[in-house]
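Visitor: Could you take me through a close look at a single part of this structure? I am new here, and I would like to hear about the salt bridges.

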Amino acid sequence: LRFSTASWFGALVVFRGGVLPRLLGPTACYVAYVCAMYLFCSETKFSLSTDGLKFIAAATTFMLVFRLNQCYSRLTHATQMLVDAIRSLRGIVGMTCCALGYGERNQELSEAERRAATMTKVHVCRLAVAFAVSLKFHLRVAEMMNQGSSVDESVMRLALYDLLRVKRLLTRSEAKLVESYSGLYEAQEDGFYGRRARYTVDIHRLRLADDGGAELLFHSKSQQAEGGTGCAVPPFIIQLLRHALLQPLGQSWGYPERAMNVYETLIGHATQSFQEMNQMVLFSLPLPYVQLCKVLLTVFIMAYPLSIDIHHGVWGNVVVPSVLAFAMLGFEIVADFMENPLGDDSSDISIYESIHEFEVEAQAIFNSSLIHRPGLSASEQELAEEFGLKTDCLREWADDGPPDFNDFFEWSPLPSQLVNYIRHQSTDAAALNTWASLCSLAGCCCCARRRRSGVSQARVGGDAEEEDSVTYTELTLSEFDHDRSGSDADRFAVRRCLALRSSLPHMEAAKRQLLALEGQDLRRLASFQDVLTKAGLARDE
């Protein structure tokens, strides 16, 4: 989340996106506790000995600061790993588009060879972007595994959005394999309000059909008997990318075999970055250390108000302990924020923003090797002519000209819930607070309208079906964007993503599923699998 560093008050007065929302509640409770202890000690003249309390305070502060420093190191390391991964993918796309375009500029290629070279560029671009998106999907899945045995519906919907975004960049067979590796499970169980779906995540563990339990969200009936084992999607995408890079080796329209050494180095860097980010999410700081920090903090802030001389008055017995607890609790909460820097908090790294930047760069790199290449080559010849070094080496395409990036890819709108999620991580803090205030105002208005609507229905005795609910946040998001223009618009917003421009059945199915998930009210949700099946997407009978 961005904030203004030009003004000293830019970070002081920000509420949403900062530490205050999670800190004010515990601090208010502690102020009430301190006031109660002050009144108790005033009436009973009770006072704890200060022996050892200073040592406890010093140990607590040291442990909290050391933990905060370790968490900040994790944040910087995660940032570097994400930068390395995107940099490696950018290098792969750039090398491929440049190397295959080199043959077109310096030798006469047949139409079939040009098509093969162009198709290889398309494969490399789509798989590189798919790998970047699969990173976010896998890190979300890994975080879901750490959160417990059951996954909330809203979190599962975001994971499904990521998976569908990956599928729209893959072929039919590739998409089916990714579905089977997703590790997203659903099981029906009886609850207090009746039968309800329960969602779990399970990857990197062998699961056979005989093991029973939950069923994969994406699974055909023909595969159910074989069981399903979830595994990390990014290594599988990398393997597809490696296969695409092997196709031009030794070809007249491709590049020599030794070029694969450079590609393998870049692939190795991307894989290493993925592995380190995966370990960072799965393995937090050691539990004994975190537990000791929390025990020492609890003992100190509970005992300190009882050791102060009551003659110091309200300032010494209430204000000072409250400010001290505010600071120490702040250390603890900020450390919790940064312990997993690849999560969903507003202070975490916005992976979606890095993905979108890479998508835009991939489009520019692709077009520079094809549709813009004639103009670039002509300008190079113009400069060579100026220096007296002109050579006649330009090769012309067919009458229809070189293809454009948009001939193979399209910019597809992101679901509103995902746009909202990205806004909380990558927008400007001032814009976020303004937008959240408008959301609250719109929510109050919507509640008032619904109350009036309910009263009217009760008076006429009607039992009309309740209108489809749309969250106030989603409703106000579009209104807020439309009301702002020019320099006032949120320049950090990400509203579109890359997808293959294709009308193949699995592509059309993915589009329908996105619409079905976006319009689904989670309060009425019975099963994500039912939603997917009704859209004709989840199962291939």
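**A close look at the salt bridges**

Guide: Let's start with aspartate 84 and arginine 87, whose side chains meet in a salt bridge at 2.6 Å, N to O; the term means a side-chain nitrogen of Lys or Arg within 4 Å of a carboxyl oxygen of Asp or Glu. This is a predicted model, where local features need pLDDT of at least 70, side-chain atom pairs count only at pLDDT 80 or more, and totals for chains, interfaces and linings use all residues. Residues are numbered from 1 along each chain as its sequence is written, and side-chain values use heavy atoms, with hydrogens and water left out.

Both partners sit in helix H2, three residues apart, about one turn of the helix; helices (H or I, at least four residues) and strands (E, at least two) are DSSP runs, numbered from the N terminus. Aspartate 84 is buried, at 13% relative accessible area, while arginine 87 is partly exposed, at 49%. Here buried means under 20% relative accessible area, exposed over 50%, and partly exposed in between (1.4 Å probe, protein chains only).

Helix H2 (residues 53–106) also holds arginine 67. Arginine 67 forms a salt bridge with glutamate 339, with the closest N and O atoms 3.0 Å apart. Because glutamate 339 lies in helix H10, this pair ties together parts that are 272 residues apart in sequence. Both arginine 67 and glutamate 339 are buried. They also belong to a network of salt bridges that links Arg67, Lys294, Glu332, Asp336 and Glu339. Across the whole structure, a search finds 18 salt bridges.
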